[in-house]
Amino acid sequence: MKTSAERLAVLGCAGLVAVSVAGCGSVTDAVKGDGDKAITMGTTSVTNVLDPAGAYDAGSWLLLRNTFQSLLSYPAASSTPGPDAAQSCEFTAGEATQYHCTLKSGLKFSNGHALTAADVVHSIERSKKIADPSGPSGLLESIKSVEAKGDTEVLFHLSAPDATLPAKLAGPAGAIVDQEVFPADKLLSNDKLVGSGPYKIDSIETTAVEGGAKVPGKVVLSPNDKYTGDAKLRNKKFTLRYFDKPAELKAALDKGDLDLADNSLEPNTAAQVLSDQQSGKSDLKVVEGDSNDTRYLVFNTKDATGGNVAVRQAAAQLIDRKSLARDVFARTVQPLYSMVPAGVAGHNTAFFDKYGDQDVNKAKAILTAAKVQMPVKLNLTWSRSRAQGAEADALKKQLEAGGVFQVTVQHEADWDVYKKGWVEGKYQAYTIGWFADYPDADNYVAPLIVDGGSYHHGWDDPRISQKLVPESLKQADRAAAAATYAQIQGIVAENAPLIPLFQNKAFFASRSNITGVESTVDTTGFFRFWEIGRLGK
């Protein structure tokens, strides 16, 4: 890994998070020595909608972060957003209810249209108006109204304090679109997208995935010569290829069709690539970095079994995270005892503090005190897992230790059916991954805990939803909010409506002549295409 000084040298002024930044010149000035050959990256984060008002998954955001600007963005390895299209942003009213931004001058979209405050207003208002059920408009619900003051000033009026607004605006939910191109009341087709980020989209080829749906399969990008922001491109063209299955991604990497792969390889495959690199058997190398992706075991608390807190506590007492990480995921994950992952302010060890390591006797004592008969019969359902069925089988074995539970594992192959199932409360317990929208503790608490959470576990605690979360959103100094999140996680650990299992590590495999990967793998979840280069020509 690079030192802080080396990272700053690579990033140029993009590494600075000061409120006031000067333009750093055209991206084309920074492209040197790579010829015209594209860097080609593969991912299994398949997506279908790329309009920022309807895009809300890892596959679309991977692309949008590099083709659109937001008011703010996350510098490498930073949990604090810094300027992007904005020259400066700040809360201007007490308790974080008004937010004011001043745009940089001379901003343009890739089609040459000027980017002004009116475009920012249009972008926010259309996302809220369209309110696509699969889109990110929910992240903007605290915005009561937004107004342009001339061409360069934007003022957000909030319906309630929301100190996380800067973090939300720093992602694709806050992507700025061209009001002359994007309609106010409907999504724009993928082939007509126009942004103002470091890259522009040259072409999109579609492919059919399992089930027959047509989705983007290959997206070709080139430098946006209208961009005057901080990014310094180290390649002249970047191609993103989407694969339906990890095995297909690995095969393309082995054939030399890809220069690098994102964190999509199956755990054992990633571990083997790393081992081959260390023994000199492969020309592939692996960059291991931080990730903010987390995994949980969720209980349906409206179910008679999952609704019994003693059952949930007994399950929490039996989970062996170290074994999951070592034996199932080949050390490509790390045990997680907190709703909030390591590397994000607010992380703690609430579940370890409450339950410690796996202890069958303690689990039995919890159930005996609550007069719950053993073994407790429990259905465990799963759909997607990097370890396939091995994860659920391992959890079954752990929960059945000492005869405490009798677990029936069920697999739902259809992801849409799986989602509908948890919404309708059809499962007793189920596993799910969480990919954060922004690296703030709030994004691991409010969406997952308040009012039953996004995964519809049905549990809520007024101490959290009515007092602690609202209090935390008044704290513009996010580090100062850590104490509040510690209280929240203590309550969650006591009740265990969902149990944190592990936090993914990021394993990016690339050819030996590919550079820059280590500069962009971090807990921000923001993979910066422009950092990637190739040695030689």
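Tutor: We begin with a term: helices and strands here are DSSP runs, numbered from the N terminus. Keep in mind that this is a predicted model.

Student: With that numbering, in which loop is Pro-375 found?

Tutor: Pro-375 is in the loop between helix 10 (360-369) and strand 15 (376-382). As a general idea, most residues other than glycine have a negative phi, and most peptide bonds are trans. The peptide bond from Met-374 to Pro-375 is cis, with omega near 0 degrees.

Student: Which phi does Ala-96 have?

Tutor: Ala-96 has a positive phi of about 55 degrees, although it is not a glycine. The loop that holds Ala-96 runs between strand 4 (86-91) and strand 5 (98-103).

Student: Is Ala-96 buried or exposed?

Tutor: The cut-off for buried is under 20% relative accessible area. Ala-96 has 4%, so it is buried. Ala-496 also counts as buried, at 0% relative accessibility. Ala-496 has a positive phi of about 50 degrees and is not a glycine. Its place is the loop between helix 15 and strand 18 (498-504).

Student: How do I read two packed helices?

Tutor: Two packed helices are described by the angle between their axes and the distance between the axes. Take helix 14 (residues 462-472) and helix 15 (residues 482-495): their axes come within 9 Å and cross at roughly 155 degrees. Angles over 145 degrees count as roughly antiparallel, and helix 14 and helix 15 are therefore roughly antiparallel to each other. The crossing of helix 14 past helix 15 is left-handed.

Student: Which residues meet between helix 14 and helix 15?

Tutor: On the helix 14 side they are Arg-463, Ile-464, Leu-468, Val-469 and Ser-472. On the helix 15 side they are Thr-484, Tyr-485, Gln-487, Ile-488, Ile-491, Val-492 and Asn-495. By kind, this contact of helix 14 with helix 15 has seven nonpolar residues, four polar and one charged.

Student: What should I know about a nonpolar core?

Tutor: In soluble globular proteins, nonpolar side chains tend to be buried together. The largest nonpolar core here has 69 residues, and Phe-405, Ile-464 and Ile-499 touch the most other members. Helix 7 (residues 309-318) gives the largest share of this core, six residues. Another core, of 66 residues, lies apart from it and includes Leu-103, Val-146, Tyr-227 and Phe-527.

Student: Beyond its neighbours within four places in sequence, what is Ile-464 in contact with?

Tutor: Ile-464 is in contact with Ile-449, Val-450, Trp-459, Val-469, Pro-470, Ile-488, Ile-491 and Val-492, leaving those neighbours aside.

Terms used. Residues are numbered from 1 along each chain as its sequence is written. This is a predicted model: local features need pLDDT of at least 70, side-chain atom pairs count only at pLDDT 80 or more; totals for chains, interfaces and linings use all residues. Side-chain values use heavy atoms; hydrogens and water are left out. A nonpolar core is a set of buried Ala, Val, Leu, Ile, Met, Phe, Trp, Tyr and Cys residues joined through side-chain atoms within 4.5 Å. Buried means under 20% relative accessible area, exposed over 50%, partly exposed in between (1.4 Å probe, protein chains only). Helices (H or I, at least four residues) and strands (E, at least two) are DSSP runs, numbered from the N terminus. Contact means heavy atoms within 4.5 Å. Axes are lines fitted to C-alpha atoms, for helices over the stretch in contact, and angles run from 0 to 180 degrees between N-to-C directions. Angles under 35 degrees count as roughly parallel, over 145 as roughly antiparallel, 65 to 115 as roughly perpendicular and the rest as oblique. A crossing is left-handed if the near helix is turned anticlockwise from the far one by less than a right angle, and right-handed if clockwise. Ala, Val, Leu, Ile, Met, Phe, Trp, Tyr, Cys and Pro count as nonpolar, Asp, Glu, Lys and Arg as charged, and the others, Gly among them, as polar.
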